[in-house]
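Open the model in your viewer and keep the selection tool ready.

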Amino acid sequence: MASISKRLLNVPASPIRKLVPFAQAAKKRGVKVYHLNIGDPDIETPKVMVDVLRTWNTNPIGYDQSQGNPKFIESLITYYHSLGYRFIKESHIQSTIGGSEAISMAMFATCQPDDEIIVFEPFYTNYNSYAVVSGIRLVPIRTSITNGFHLPERSVIESKIHKKTRAILICNPNNPTGTVYTRQELDILVGIAKKHKLFILSDEVYREYVYDGRNHVSLLSYMQKIPKQAIVLDSMSKRYSLCGVRVGALITLNQDILAGVLRIAQGRLSAGLVDQLIAAKLTDVPVSYYKNVYNEYNRRRDILFKGLKSIPGVTVPKPEGAFYTIVGLPVDDSEKFCKWLLTDFQDKGETVMLAPAAGFYATQGLGKTEVRIAYVLNTRAIRRCIELLKKALLNYSKIHKV
Ligand SMILES: Cc1ncc(COP(=O)(O)O)c(C=O)c1O
């Protein structure tokens, strides 16, 4: 009997999706489920992008170039130039199938099997999957809800570096914590990378979403200082509500990395032609679109934060960016609670789905009483979710004597 690989068995199930069968069963019973478990925005995709589909008349729909569609790459260059990074040229960009492929390519490009990448936990859980597939070990450094999940001191980070360490991977603004790293934090990371000759991989798919007057400090602003070591991972999914259009990018000045990832890209032929031509319209998206989307997430964040703060026993740092937050709940086990929300709880035929946070940590036992919330629903729905959560926690504490 042929046996499947050990590596395959080691690929973890996504904590964001693993309770889906229970949500489906709840829906079959007629229960409405509010999805705060997954970052799939409900905000409309810009019309200029949807119009590409409406007016599509190229037939046949062929492959595209392996490095990426020239129009898409050109639009990305215009976008990065508009952010002030005028040094970025076509030769610095590899178009990818979502930010997801950019992450996996960057890991593959910087590490041998058994090499290590430092991550700050809790972290975007799918990093685990890409790492396992490439035989890479993620070495977690703990951050804490008590200081809004900001980075620990330099010495703590350096203590985790040894001869197998190849890179530091950050997500900024952060999914799942909503943390936005400061210039000082980036300075420290870049200093460490220089001293220890490490790569820095910066996942910036939520770059536009930073609140309360903060500035987003992109690794792009350090790219010319550490041209061989800085790799930025980007995606169109969240910026333009384009999750179903699988387009992202890897940006670096390191030509060896670019030549290598191009060879990988040649192996998978091309990213989607239609997808990239939709994304190429990013330069035609009106400024008002961004403003509205930004204001909408900001409103949702405020409502969610205020609502959560009003629930006894709940701990929540004010999210600084992205559209996620990690929330401490007065429960014995957040996975049990999240499952119970779907199997046993309902209020007027409605319930809410959250992502248990343990899956966002690599260290066993951490995040056991935390959940991740994605505020991707409209303000009315978020208010209702707060109400549901309040009632659910009360019921749960009575039943489970928490
Ligand atoms: C932090 C982060 N990076 C990367 C991705 C991947 O995005 P995509 O593959 O849709 O571009 C996501 C998606 O949720 C994410 O949250």
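## Stop 1

Select Cys 243. Its relative accessibility is 18%, so Cys 243 counts as buried, the cut-off being under 20%. Keep in mind that this is a predicted model.

Which cysteine sulfur is nearest to that of Cys 243? It belongs to Cys 171, and it is 14 Å away. A disulfide is a covalent bond between the sulfur atoms of two cysteines. Cys 243 is in no disulfide. The structure as a whole holds zero disulfides.

Now select Cys 338. Is Cys 338 buried or exposed? Cys 338 is buried, with a relative accessible area of 0%.

## Stop 1: a glutamate in a loop

Next, select Glu 204. Find strand E6 (199-203) and strand E7 (230-235): Glu 204 lies in the loop between them. Glu 204 is buried, and its relative accessible area is 0%.

## Stop 2: the cavity

Rolling a probe the size of a water molecule over the atoms shows where empty space is left. How many cavities of 30 Å³ or more does a search of the whole structure find? The search finds one. The largest cavity holds about 40 Å³ of space.

Select its lining: Phe 120, Phe 123, Tyr 127, Leu 169, Ile 170, Cys 171, Asn 174 and Tyr 181. Seven of these lining residues are nonpolar, one is polar and none is charged. Colour strand E5 (residues 165-171) too. Strand E5 gives the most to this lining, with three residues.

## Stop 3: the nonpolar cores

Last, look at the largest nonpolar core, which has 105 residues. Those with the most contacts inside it are Ile 93, Phe 120, Met 236, Ile 251, Leu 308, Phe 337 and Leu 354. Helix H13 (residues 379-400) supplies the largest share of this core, nine residues.

Zoom in on Ile 251. Beyond its neighbours within four places in sequence, Ile 251 is in contact with residues including Tyr 80, His 92, Ile 93, Leu 220 and Val 232.

Another core, of 27 residues, lies apart from the largest one. Select Met 105, Ala 106, Leu 138 and Ile 257, which are among its members.

Conventions
Residues numbered from 1 in each chain as written. Predicted model: local features only at pLDDT ≥ 70, side-chain atom pairs only at ≥ 80, totals over all residues. Heavy atoms only, no water. Disulfide = S-S within 2.5 Å. Buried < 20%, exposed > 50% of the residue type's maximum accessible area, 1.4 Å probe, protein only. Helix = DSSP H or I, 4+ residues; strand = E, 2+ residues; numbered from the N terminus. 1 Å grid on protein atoms, 1.4 Å probe; cavity = no way out; pocket = protein on both sides within 12 Å on 5 of 7 lines; lining within 4 Å. Points joined across faces, edges and corners; volume = space filled by probe spheres on them. Nonpolar A, V, L, I, M, F, W, Y, C, P; charged D, E, K, R; others polar. Core = buried A, V, L, I, M, F, W, Y, C linked by side-chain atoms within 4.5 Å. Contact = heavy atoms within 4.5 Å.
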